[in-house]
Amino acid sequence: MSTPLPIGAHVEQTDPVAEAAARGTTLVQFFLGDPQGYKGPEVRFEGGPEALRSAAEQAGVDLYVHAPYIVNVATTNNRIRIPSRKLLQQHMDAAAEIGAKGLIVHGGHVNKSDDPSVGFDNWRKAIEATDLRIPLLIENTAGGDNAMARHLDRIAGVWDAISSAEGAEHVGFCLDTCHAWAGGIELGDAVERVRAITGRIDLVHANDSRDAFDSGADRHANFGRGHLPADEFAAVVREAGAPVICETPGGPAEHLADFAWLREHL
């Protein structure tokens, strides 16, 4: 009998261990500080990083940290790229201090007039410039014509570029089901096609989508209440075989309902 997939959720950051207990799960994801600011990471858990690490270990809870949304290491805009690299390293260090299993970061984008290959190479430079103390998981994104990780060909461009970088072995992939759907990636063979590019899927962000296929809209819905076909949604999660984080609206009650829905469909 195979071990059931661990299913957790994105939670409020003050006490992630208590949030995990409220959902009866062994893994949670959260931000460290402001997801929209350059101020740097902040551990809000009482007692600080060491206390959080210890509490999570004692409770048997795996922690994942999501980097701020504003991080964009691909851009040609120095005023964004350079602070983004600094912020990425700061969150990498903070995530390592609390014993996180991975740091998730969005793929970013280049400007409309830019050659995408410049963005790919900026990703390579960012990997080489960052001390990857824990796995860095690049996440596919839903919108933007110049995104680095919306379409499979762009993801391939990023992967080709970073594969030659020192530290590439510490880079993994986070597959978001809502982003794939809204970004125009067919779910039926998504896992197979992503693995053909990256060789791996380290984490799944399981999210239904409030919007239609290829809409470019990043708006998550609770399971069974969005546009994702239930069988294809469940198949992606099953075939990926990686730990699952639900980034759906609500608190423990809504997340427990989503966990139950997903287990029923798996």
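Predicted model: local features only at pLDDT ≥ 70, side-chain atom pairs only at ≥ 80, totals over all residues.
Local features need pLDDT of at least 70 and side-chain atom pairs count only at pLDDT 80 or more, while totals for chains, interfaces and linings use all residues. Residues are numbered from 1 along each chain as its sequence is written, and side-chain values use heavy atoms, with hydrogens and water left out.

UniProt, in an unreviewed entry, lists residues 17-264 as "domain: Xylose isomerase-like TIM barrel"; such annotations may be inferred rather than shown by experiment. The end C-alpha atoms of that span sit 26 Å apart, and its make-up is 42% helix and 14% strand (DSSP runs, H or I of at least four residues for helices and E of at least two for strands, numbered from the N terminus).

On to the cysteines: the disulfide count is 0, a disulfide being a pair of cysteine sulfur atoms within 2.5 Å. For cysteine 174, the closest cysteine sulfur is that of cysteine 246, and at 12 Å it is too far for a bond. Cysteine 174 is buried at 0% relative accessible area, and cysteine 246 is buried at 0% too (buried is under 20%, exposed over 50%, partly exposed in between, with a 1.4 Å probe and protein chains only).

As for rings, there are 6 aromatic pairs (Phe, Tyr and Trp, the last by its six-membered ring, with centres within 6.5 Å; planes under 30 degrees apart are stacked, over 60 edge-to-face, the rest tilted). One of them joins tryptophan 181 and phenylalanine 213 edge-to-face, 5.2 Å centre to centre with 75° between the planes. Because tryptophan 181 lies in helix α6 (residues 177-183) and phenylalanine 213 in the loop between β8 (208-209) and β9 (220-221), the pair ties together parts 32 residues apart in sequence. Tryptophan 181 is buried at 12%, whereas phenylalanine 213 is partly exposed at 29%. Elsewhere, ring pairs link Phe223, Phe233 and Trp261 into a cluster.
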